[in-house]
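Biologist: I would like to learn how to read a helix and its surroundings. Can we work through a case together?

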Amino acid sequence: MNIHRHKTMFRETMLVATSTMAFGMTASPALADFAWDQFSGGSITVMMPEHPVTDGVRTVLEQFEGDTGIDVNLLTMAEDLYFDRMEVALRGSGGNAQMDVYFLPMDSTAYTQHTNGLVHSLQGFIDSPDLTAADYDLDDIPAGFLDSTKYEVGGSWQYHGIPASFETYILFANLDHVDRYLDGKMPTTMEELIGAARQVKEESGGAVAGAVLRGIRSDTLIDTITGFVNNSVGSDDRSAPYNVWFSGDWTQPKLDDPDIVRGLANYAELMKAGPVNIQAMDWPDASQFFMAGGAAFFIDASLFAPGFENPDESPIAGRIGYSVIPVDNDEGEPFTAHWQWGFGIPQNAANAEAGWLFIQYMSNADNATAIGKLHGGAPRLSTWADPEYASSFPQAYVDAVAAAMPNSQTSVVQRAGWSEFALRIVDVIQDIYGGAEPGEAGAAAQADFLEMVAN
């Protein structure tokens with residue numbers, strides 16, 4: 001089950017504010033030297049939930065149809081209906097799926113669909129000069145972004161989805177509190193952040209929390225937690241399928257690794273500087289608490305920023321600082337994690353090649369930038385350097401996300417039953433928050449992981 005299903009609707013509500021900052025969209029891909037019209041006269045069905053990316057697709061759909069000659073039947077629905085409809089449509093009837101392209105949650109949902117033989121490899125399309133334009137440039141998308149749907153097929157690792165939007169985990173700061181309690185100084189290291197959060201809570205007599213985070217006991221916290229841990233681990237291998245939690249084999253968990261333990265302890269220490277009810281807070285509670293001015297710092301998904309900056313809804317609009325998660329590794333570089341939506345093709349799509357042209361068109365450099373202005377999570381590095389895109393958002397936000405992207409890795413772990421493991425990781429933080437010594441808490445989780453993989 002997709003652990004993000006219950007939370008994306010709120011984020012998309014906050015993202016509506018972004019569209020008020022976006023400019024007109026007139027982007028069209030370069031047509032030279034590539035036969036965009038090779039499937040002219042055909043048609044495809046595209047299934048998507050109502051989402052800012054879907055709004056962006058609508059703005060360039062007429063251009064796509066004109067450039068390719070492909071008619072598009074765009075099926076959309078509310079997101080609470082989408083997941084069930086998506087699963088039914090993937091299985092289809094009469095041997096074919098009910099759509100040719102669909103909006104793909106690039107997490108455990110995609111992995112489960114792959115293991116069930118429902119999602120099409122894109123590798124053959126990507127490698128074909130007849131089907132992929134020479135200027136498509138996948139290298140413009142960070143390798144860590146592509147890694148989340150890179151699955152082993154016949155002994156080779158192949159891409160099964162292309163990112164359409166992402167959230168990465170960054171630091172938000174209430175600049176009024178930073179000015180009042182910290183002399184305007186933003187922390188640049190995790191040690192400084194924890195000290196600053198404690199100072200704010202102490203000097204305000206608890207009237208202002210030093211930090212606010214998701215604090216409930218739930219496996220849904222694993223994305224943000226992975227951002228913390230990646231920041232402490234640094235450049236060690238965090239790729240699929242094991243991510244940061246295993247050392248190249250499911251029988252070799254790393255919960256007692258000092259860097260991982262430190263990352264989990266950092267999360268717990270910031271919780272201690274938070275509101276007294278932090279263990280009852282999920283992402284809606286934590287984000288609303290920060291937006292109401294209740295905390296000096298907040299670490300969570302980058303896509304909260306447009307909502308926080310909406311002057312009609314947010315008391316702190318225009319008074320927010322942004323940065324990467326303050327550094328906590330020997331390399332002195334920011335590392336974090338991310339979660340993504342993307343485009344995929346069903347295994348039994350009737351018009352898979354035409355569907356690939358749609359994906360390629362909507363995710364090329366021009367249209368990733370144009371569509372990205374509606375959601376603030378364009379997945380191409382070049383987009384964040386584009387002045388037109390950057391002007392749609394606060395510059396500090398653009399700088400923070402752009403700095404986080406190159407060293408961000410998916411939070412996805414490609415293993416059935418991962419949510420049980422994720423909850424055990426959350427419990428390490430809960431134990432440290434409750435007073436346990438971090439090394440002992442990590443060692444206990446390591447023993448449990450070994451038993452869990454053995455069984």
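Biologist: Which residue with a positive phi follows H8?

Modeller: Keep in mind that this model is predicted. Gly 205 comes after H8, and its phi is positive, near 65°.

Biologist: How many residues does helix H8 have, and how far does it reach?

Modeller: H8 spans residues 190-203, which is 14 residues. From first C-alpha to last it reaches 20 Å, close to the 20 Å expected at 1.5 Å a residue.

Biologist: Which residues of H8 are buried?

Modeller: Start with the general idea. An α-helix has 3.6 residues a turn, so residues three or four places apart point the same way. Now the case here. Met 190, Leu 193, Ile 194, Ala 196, Ala 197 and Val 200 are the buried residues of H8. They cover an arc of only 165° around the axis, so they sit on the same side of H8. Glu 191 and Glu 202, on the other side, are exposed.

Biologist: What do the buried residues of H8 pack against?

Modeller: Their partners include H7, helix H9 (222-233) and helix H10 (258-272). Strands S6 (162-174), S7 (209-212) and S8 (295-301) are also among them.

Biologist: Take Leu 182. Is it buried or exposed?

Modeller: Leu 182 lies in helix H7, residues 175-182. Its relative accessibility is 10%, and the cut-off for buried is under 20%. Therefore Leu 182 counts as buried.

Biologist: Which residues is Leu 182 in contact with, leaving aside neighbours within four places in sequence?

Modeller: They are His 177, Ala 196, Gln 199, Val 200 and Phe 297. Ala 196 and Val 200 are also among the buried residues of H8.

Technical notes
Residues are numbered from 1 along each chain as its sequence is written. This is a predicted model: local features need pLDDT of at least 70, side-chain atom pairs count only at pLDDT 80 or more; totals for chains, interfaces and linings use all residues. Side-chain values use heavy atoms; hydrogens and water are left out. Helices (H or I, at least four residues) and strands (E, at least two) are DSSP runs, numbered from the N terminus. Buried means under 20% relative accessible area, exposed over 50%, partly exposed in between (1.4 Å probe, protein chains only). Contact means heavy atoms within 4.5 Å. The expected span of a helix is 1.5 Å times one less than its number of residues. The arc is that of the directions from the helix axis to the C-beta atoms.
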